[in-house]
Amino acid sequence: TKGTPAIEWTVSYDWAGGADQYIGWDSNTSTLRGIQFGVGNAARKCNAIVLKGSFGANIINNIVVNTAVASGGNAQLTVSVGGTTLQCNEQDSAQVTNTASANYTFTSTTGLTGDIVITITNSVAKAFYLKEIHINQ
């Protein structure tokens, strides 16, 4: 983690039954999409990841998640702070269908404190990627 204060994230995964767990790095210099979860077949499908971290007593107004999916992919992204779901374009979640890394900005109308929970749920047997997380950007 980078920034002040530093955040230690815990990560949990939900792999398809019997799936070979694949986590890698997108080293393609034309895409650079970040950490790759799963690949494009059911035998290596990652159903979801959940990241949990704490920003201490600091107030959170927005969280930006930079993510992408492989071609034909479709993932759902949600963000909460202290149990309150943040909004992305006035919705409780964002559908990620871009193959290029893109920012998804989640905001709160009031400053929030508490644990941060970022969930990416994968609906198809395609890879998805996580590049960056920014808080109060």
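Me: Why is Asp-26 called buried?
Reply: The relative accessible area of Asp-26 is 7%. Buried means under 20% relative accessible area, exposed means over 50%, and partly exposed lies in between (1.4 Å probe, protein chains only). Asp-26 is therefore buried. This is a predicted model, in which local features need pLDDT of at least 70 and side-chain atom pairs count only at pLDDT 80 or more, while totals for chains, interfaces and linings use all residues. Residues are numbered from 1 along each chain as its sequence is written, and side-chain values use heavy atoms, with hydrogens and water left out.

Me: What makes Asp-26 and Arg-33 a salt bridge?
Reply: The closest N and O atoms of Asp-26 and Arg-33 are 3.0 Å apart. A salt bridge requires a side-chain nitrogen of Lys or Arg within 4 Å of a carboxyl oxygen of Asp or Glu, so the pair qualifies. The structure holds 1 salt bridge.

Me: Is Arg-33 buried or exposed, and how do you know?
Reply: Arg-33 has a relative accessible area of 12%, and therefore counts as buried.

Me: Why is Trp-25 called exposed?
Reply: Trp-25, in strand β2, has a relative accessibility of 54%, so it counts as exposed. Strands are DSSP runs (E, at least two residues), numbered from the N terminus.

Me: Which residues make the nonpolar surface patch?
Reply: Val-11, Tyr-13, Ile-23, Trp-25 and Ile-35 make a patch of about 470 Å². Strands β1 (10-15) and β2 (23-26) each supply at least two of its residues. Nonpolar patch members (Val, Leu, Ile, Met, Phe, Trp, Tyr) have over 30% relative accessible area and no salt bridge, with side chains joined within 5 Å; like charges, in their own patches, are joined within 9 Å.

Me: How many aromatic pairs are there, by this rule?
Reply: The count comes to 3 aromatic pairs. In one of them, the rings of Tyr-13 and Phe-37 have centres 6.2 Å apart and planes at 40°. Rings of Phe, Tyr and Trp (its six-membered ring) pair if their centres lie within 6.5 Å; planes under 30 degrees apart count as stacked, over 60 as edge-to-face and the rest as tilted. The pair is therefore tilted.

Me: What parts does the pair of Tyr-13 and Phe-37 tie together?
Reply: Tyr-13 lies in strand β1 and Phe-37 in strand β3 (residues 34-37), so the parts joined are 24 residues apart in sequence.

Me: How are Tyr-13 and Phe-37 classed by accessibility?
Reply: Tyr-13, at 39%, counts as partly exposed, whereas Phe-37, at 4%, is buried.

How values were computed. Areas by Shrake-Rupley, 256 points an atom, 1.4 Å probe, with all protein chains shown as cover. Helix = DSSP H or I, 4+ residues; strand = E, 2+ residues; numbered from the N terminus.
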